[in-house]
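Here are my notes for you on this one.

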Amino acid sequence: MTPLLSVAVGGLAATYLFFRFLLYLTQDAKEPPAIVTGIPFLGPLVGMARQKSGYYNQLRDAYKLPIYTLRLPFSRMYIVNATELVPALQKQWRTVSFAAIAADAGNLVGMSKEAVEIMHKDLMSEHGFSVSWPKYITPVMSPGKDLDELSRKAIEIFVEGLGKLSSRGTVKTGLWEWTNRIMDKSTTEAVWGPKNPYRDPAVAEAWKIFESGFLTLSVFPLARYFYPRLYRAREFAAAAMTDYIRKGGHETASGLVRKRYEHHRQFGLNHEDIARGELGNTFAVLGSTTPCALWVLYHIFSDSRVLADVRGEVSALVRETTDEDKGTVISSIDLANIRASCPIFFSTFQETLRYRTVTPGARVLLSDVLLDGRILLKKGNMLMVPASVQHTNVSAWGEDAGKFDHVRFVPNPGQKKPNRVAFRAFGGGHVLCPGRHFASTEIMALAALLVLQFDVVPTVGKWAEPTWKNSPIQAGFPIPDEDISVEFRPREPARTWQVLFSGVDETMGIVSEDITAVED
């Protein structure tokens, strides 16, 4: 070894040992144990970038700790493995905060300095902007008139779209492309109403560009200059949404948009800031719903047993009537009956959420927290309850937690019920997704209509699960690397359908909080 090389190797070794010592020296004994992976402080960044949600599963299985620390440059991340710690964390919602993350999103969508300051005020109070708005919109997103109107509008779009598809005979397309298109249309029409700005293909495309790279704008200083395409896309979509708000588009929109507008005006936000807030709302209503719908369709149609079970249940809801004037038979279905009448279908939907969700469950610590009376979590750092970790916890789901079982959630007397606290697809505790009922109804309605009216078969002859190595790190559900080429084959194209949605008055009963509320 040459002297120069010896010096270089020695320097690297010394640097490594220094960082190891620094990590040990700055880790409080009461904090969760720090895991050192590769290069101290930098190793976790590499692992998260390469393996995404799988990184946390790997560390859980390797170290078997209830909670641990990942040391990053100038910060810490506390990762929760043990389901038993989750309820205690949820009770600390003021200091283990999601509202702080929501407030930071104001910068991401380009809101004014004044608006961002308003969003960051009173983060530990139920009366603050960022804490109060989810609760403010909850009434219109819970079972009732407003939620039924949202669901009916989305179903109208599905009926129209599937009718056009059926009229074309066998159609070859990408399953992800098709799901993306119909879900985006149904959701945006239902949410933003007759003046929906995303009807303009240019606005929709600008949103897609911004969505795909929004983390770049948030992470890199002066990103607007180094990534002008992303910046222009955001500003184009924001201008369209501002025009929508200024022209009163929100007045004929869903209860969700009306309530958000009402809330934001109460806190003094101007029209442009409210409009940019609606870009953030777009992340919420489209970001996870569309890829979730893809995986629900994949799991149903790629397994003949699942397809037969689901199709059998949904078909049993169809009623045949005769149009006396035309002498034709009309097939009618009320999609509001799915939840109560199709236990295997409902279970398949829930199992897809369990098996596919990769949300990180991120929170920010606004003060020091002594968890469970013994574990110190330091102020200013991030805490995560990764869904992938909780959803593969064998103590919560059994030894087959790593497998897809479409009847896992079917009620079975005498069988141990799943631990719903470990079900994190919609969050939990004080931070529950307000749109969970709409998203669930919308996805199941699409799947039900597709199962009844079409066969969906892969063009290569056999279903192959797509990879998702390049899925965006912020995605709540995996985005496939390549589309799944399929054929949509109408089952009975001459059949006349009448699709209804009479409405629901009960929660979906998926998360523990909703189940407890129903039982109480």
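1. Let's start with charges. A search of the whole structure turns up 28 salt bridges, where a salt bridge is a side-chain nitrogen of Lys or Arg within 4 Å of a carboxyl oxygen of Asp or Glu. Side chains of opposite charge can pair when their charged atoms come close. Keep in mind that this is a predicted model, in which local features need pLDDT of at least 70 and side-chain atom pairs count only at pLDDT 80 or more, while totals for chains, interfaces and linings use all residues. Residues are numbered from 1 along each chain as its sequence is written, and side-chain values use heavy atoms, with hydrogens and water left out.

2. Look up arginine 199 and glutamate 189, whose side chains meet in a salt bridge at 2.7 Å, N to O. The pair links distant parts of the chain, 10 residues apart: glutamate 189 is in helix H9 (175-192), and arginine 199 is in the loop between H9 and helix H10 (201-219). Helices (H or I, at least four residues) and strands (E, at least two) are DSSP runs, numbered from the N terminus. Which of these two counts as buried, at 8% relative accessibility? That's glutamate 189, whereas arginine 199 is partly exposed at 47%. The cut-offs: buried means under 20% relative accessible area, exposed over 50%, and partly exposed in between (1.4 Å probe, protein chains only).

3. Two further salt bridges deserve a click. Arginine 408 pairs with aspartate 400, with the closest N and O atoms 3.1 Å apart; arginine 408 is buried at 9%, and aspartate 400 is partly exposed at 30%. Glutamate 487 pairs with arginine 489, with 2.9 Å between the closest N and O atoms. Here glutamate 487 is partly exposed at 22%, and arginine 489 is partly exposed at 37%. There's also a network: Arg234, Glu235, Glu272 and Arg276 are joined by salt bridges that share partners.

4. Now the sheet. It is open and mixed, with five strands in the order S1-S2-S10-S7-S3; two strands pair if DSSP finds at least two bridges between them. Which strands sit at the edges? Strand S1 (67-72) and strand S3 (96-97), each pairing on one side only.

5. Walk through the pairings next. Strand S2 (residues 75-80) and strand S10 (residues 382-384) run parallel, joined by three bridges, and methionine 77 stands opposite methionine 382 in S10. S7 and S10 are antiparallel, also over three bridges, with methionine 384 in S10 as the bridge partner of alanine 362. S3 and S7 are antiparallel too, with two bridges, and valine 96 stands opposite leucine 365 in S7. Strand S7 (residues 362-365) is covered on both faces: Ala362 and Val364 on one side and Arg363 and Leu365 on the other are all buried.

6. What lies against the sheet? Helix H3 (residues 54-63) lies across S1, S2 and S10, at about 125 degrees to S1. Axes are lines fitted to C-alpha atoms, for helices over the stretch in contact, and angles run from 0 to 180 degrees between N-to-C directions. Within H3, Tyr55, Tyr56, Asn57, Leu59 and Arg60 are buried. The buried residues of H3 pack against H2, S1, S2, S10 and helix H19 (387-390); contact means heavy atoms within 4.5 Å.

7. Finally, zoom in on threonine 348 in helix H18. Buried or exposed? Threonine 348 is buried, with a relative accessible area of 0%. Leaving out residues up to four places away in sequence, threonine 348 touches Ile300, Val306, Val310, Phe404 and His406. Aspartate 309 is 39 residues from threonine 348 in sequence, and the two are 9.8 Å apart in space, C-alpha to C-alpha.
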